[in-house]
Amino acid sequence: MSAALTPGNEAAIAALVAEAARHAEPIAVEGAGTKRAMLRPVQAARTISTRALSGITLHRPTELIISARAGTPLAEIEAALAAKGQMLIAETPHLTTLMGVEAAPTIGGAVAANLSGPRRISGGAMRDHVMGIRFVNGSGEVLRSGGRVLKNVTGLDLCKLLAGSHGTLGIITEVTLKVLPAPEASATLSLPVPDLETGRRVLSAGLGSPFGVTGAALLADAPRALLRIEDFSDSVAYRSEKLRETLAEFGDAEIVPDAESRALWLAVREATPLGAAPSDAIWRVSVKPTEGPRVAAELRAAFDAKLLLDWGGGLIWIAGPATEGAHAAVMHAADRGTFTLFRAPDALRAAVAVIPPEPPPLAAIARRVKAALDPAGILNPGRMRAA
Amino acid sequence: MIRLPDPKPGILAKRDAIIAALRALVPGDGVIGEAIRLKPYETDGLSAYRQPPLAVVLPRTTAEVAAVLRYCHQEGVRVIPRGAGTSLSGGALPLADAVVIGLMRMNRILEVDYENRLAVVEAGVTNIGITQAVAGDGFFYAPDPSSQLACMIGGNVMMNSGGAHCLKYGVTANNLLGLTFVTIEGEVIRIGGEHLDAAGYDWLGIVTGSEGQLGLVTEVTVRILRGPEGARAMLAAFNGIEVAGAAVDAIIGAGVIPVALEFMDRPCIHACEAFAHAGYPLDAEAMLIIEVEGSVAEQDALLGRIRDICARFDPISMKVAQTPEESLAIWKGRKGAFGAVGRISPDYLCMDGTIPTGELPRVLKRIGEMSAEYGLQVANVFHAGDGNLHPLIMFDANDPESFHKAETFGADILKLCVEVGGCLTGEHGVGIEKRDLMTVQFTEAELDQQRAVKTAFDPQWLLNPAKVFPLKDAA
């Protein structure tokens, strides 16, 4: 891959895309390039990166809104929000260690990949908070969808289509996100469990309680259930105690205090407890939470699977050998849910379906939607599915 | 009045054959063709527009919906999806040559799963019906539009409905896991499922809020949530719109997100008080209803914080509910606001623009000035936390001039919303009502991009035509 072009403004990106569209020349699209090892490798002579398109353009704390150009580092946005006591709701992971990269992930990349962390179960996904978007479509037109207000049903919601489309439908140039006040305090109930199924039941009991659990993860080795409470200090103290009483039938949970609790969830967000080796492939599977332990057991039977469960047991991070056999086992285990080949060598990523195939009628709609946004088929061809 | 496309003469001429064919696909009494029985389907919540359809079909199964769509697609018959017909934007308004597919007979709750916190329901289940099915076990379905007693989950999905509590719990799109979706070709597709965040393009996201432009939804998998330990409301009354708006900013600025934060202006307070006798302060220019959740001690603590904040803005009065009954009384006026305005004026238009909350004082002042200019009364009641306005413009439907003025006034309000950085509709949808204003918010290229996505799903534009997108000259 040649060095990426890094246009400093939206118009320059639009001009490059329009030019490429005229010649039907494929373009690889990226932010800081921290997720190149995810999904399928893209074959393109040129790469356009949004990383020079940087800066927060609007932050209105009392309106719960922040706008930033796509190349703005995630960390810069988090810092600006923290300065006003706010946060990104979806607890977006950075995954630099997991992906083995040094560059700082961008907000545009986080939206294009629809990456959400532990708070997904209570606060919603990254794409749920995309209130507005500016993007360049495959014809080189600069377009907007949504806006800068919290409630908006005006027209088709192209923000949702763009979020999670991995640069295949348009190049995101600016996003407007809903944000929330950061909680004053947090605490975690940590409970050792005999097996993953018991752990999953602990998480379901916590999530089904009235105490506002905002994180529910399951460490797979020496299994341990983790339930997070976040709120004003008094509430956190009260609710962690109530939650401990609720879970008494499963054992006596330890209450992990604020600072330690935050460190714990940062680790879960970054999938650190997965313990993936550099040579491992990494998958992310999402199923309904009661299926999580079955998926885990099936994969452990198939290969030497390292595991981490989040989202009440429904999200399973998997590390294992980068082989087609292991991949087939993941596909099989996730057949009632979804999976993503999250990190693997190019050869494996080029050889297999990195996300589940769609039924033919939906695949036909997907092709037509792709053509509606990118008629020449030049944006990140083959990134999500083989042509 | 908004222009509707001319009926296709070839379809009108085949009316009897079409009805006979539909009767073969949906046996029993599921097809309505008699003029007198079509009458209830000629309009929806935007009753100024009326047009009986060619026929109405009331299928009971996804397979019947698919068969009807397949037939309509083959014959080039336009299709209007309909839930309970509560759309305030004319989303279910028929066309003379169209078949209405009403989903009210698909009203079964198929599965409730507390371990995974989800419910699978048919599209014709009412919004409140989902909560009622799980409330006994302490759970609820979060989005709560004012029409929740009548409106159906299928319609909620199509319009991405909101409600008073979406400041905390989000709108319909944020509370869905999966859909059974039927394409215009009659293909049945499962979108999403019982898990979060399906890989691939976000079909769930693009279909939700698509106003029937992309396909029909026959089953919905929703997330259900465990209710909080309790909830309680308070009132704060102010002697100016501006200070009330500043209090809203200060509450959110202090890191407090109430579960609901509602705003009423003087005309609305008076209308609601006359209707509900909720004890609203009649001397106030603006009033906030603020609700918090948690244990009694948590409610006390949060309401205490909010009281302290409001106190900085010279409130005329504040009243914290001491019991759940007092909370209900506070809400009673708000929930009945539209009905209350209906008692003052038999006809009103309900606008639905959203603005950045910082623009509230300026926008409300300008709406007041426009009200005087047009000589039409307006009452404001809205979700203050998210800036979603609901100005109710009162007019006399028996006077065409009055209706025309009300429509123009409404359009001016929506243009103002866009001008200050907001949008045309926060939760009611574009429908027929705001279709021709879309060019105020979007460029022609942006509209063409949305049209191209619509075409990808519905190449012949048979699904809910003449809604959402301004008609092209050729149409």
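In chain B, the mean positions of the 40 positive and 58 negative charges lie 4 Å apart, where Lys and Arg count as positive and Asp and Glu as negative, without His or the chain ends, and each charge is placed at NZ of Lys, CZ of Arg, CG of Asp or CD of Glu. For chain A, with 40 positive and 38 negative charges, the corresponding separation is 6 Å.

The model is predicted: local features need pLDDT of at least 70 and side-chain atom pairs count only at pLDDT 80 or more, whereas totals for chains, interfaces and linings use all residues. Residues are numbered from 1 along each chain as its sequence is written, chains are lettered from A and ligands numbered from 1 in the order in which they are written, and side-chain values use heavy atoms, leaving out hydrogens and water.

Chain B contains 17 helices and 18 strands, taken as DSSP runs numbered from the N terminus (H or I of at least four residues for helices, E of at least two for strands). The C-alpha trace of chain B spans about 70 × 55 × 40 Å along its principal axes. Its radius of gyration of 23 Å agrees with a compact globule, because 475 residues would give a value near 23 Å under the rule of 2.2 Å times the number of residues to the power 0.38, over C-alpha atoms. Of these 475 residues, 63% are buried (under 20% relative accessible area, with a 1.4 Å probe and protein chains only).

Chain A has 13 helices and 16 strands, and its C-alpha atoms fill a box of roughly 65 × 50 × 40 Å along the principal axes. Chain A likewise agrees with the globule rule, since its 387 residues would give a radius near 21 Å and the chain has 21 Å. Buried residues account for 62% of chain A. Of the contacts in chain A (heavy atoms within 4.5 Å) with a separation of 6 or more, 72% join residues 24 or more positions apart.

The interior can be followed through its nonpolar cores, sets of buried Ala, Val, Leu, Ile, Met, Phe, Trp, Tyr and Cys residues joined through side-chain atoms within 4.5 Å. The largest has 205 residues, and those with the most contacts inside it are A:Leu161, A:Trp317, A:Ile318, B:Trp203 and B:Ile206. Helix H15 of chain B (residues 400–419) supplies the largest share of this core, nine residues. Apart from this core lies another of 28 residues, including B:Ala164, B:Met264, B:Ala284 and B:Val381. Beyond neighbours within four places in sequence, the contacts of A:Ile318 include A:Leu274, A:Trp283, A:Phe303, A:Lys306 and A:Val330.

Notes
Buried < 20%, exposed > 50% of the residue type's maximum accessible area, 1.4 Å probe, protein only.
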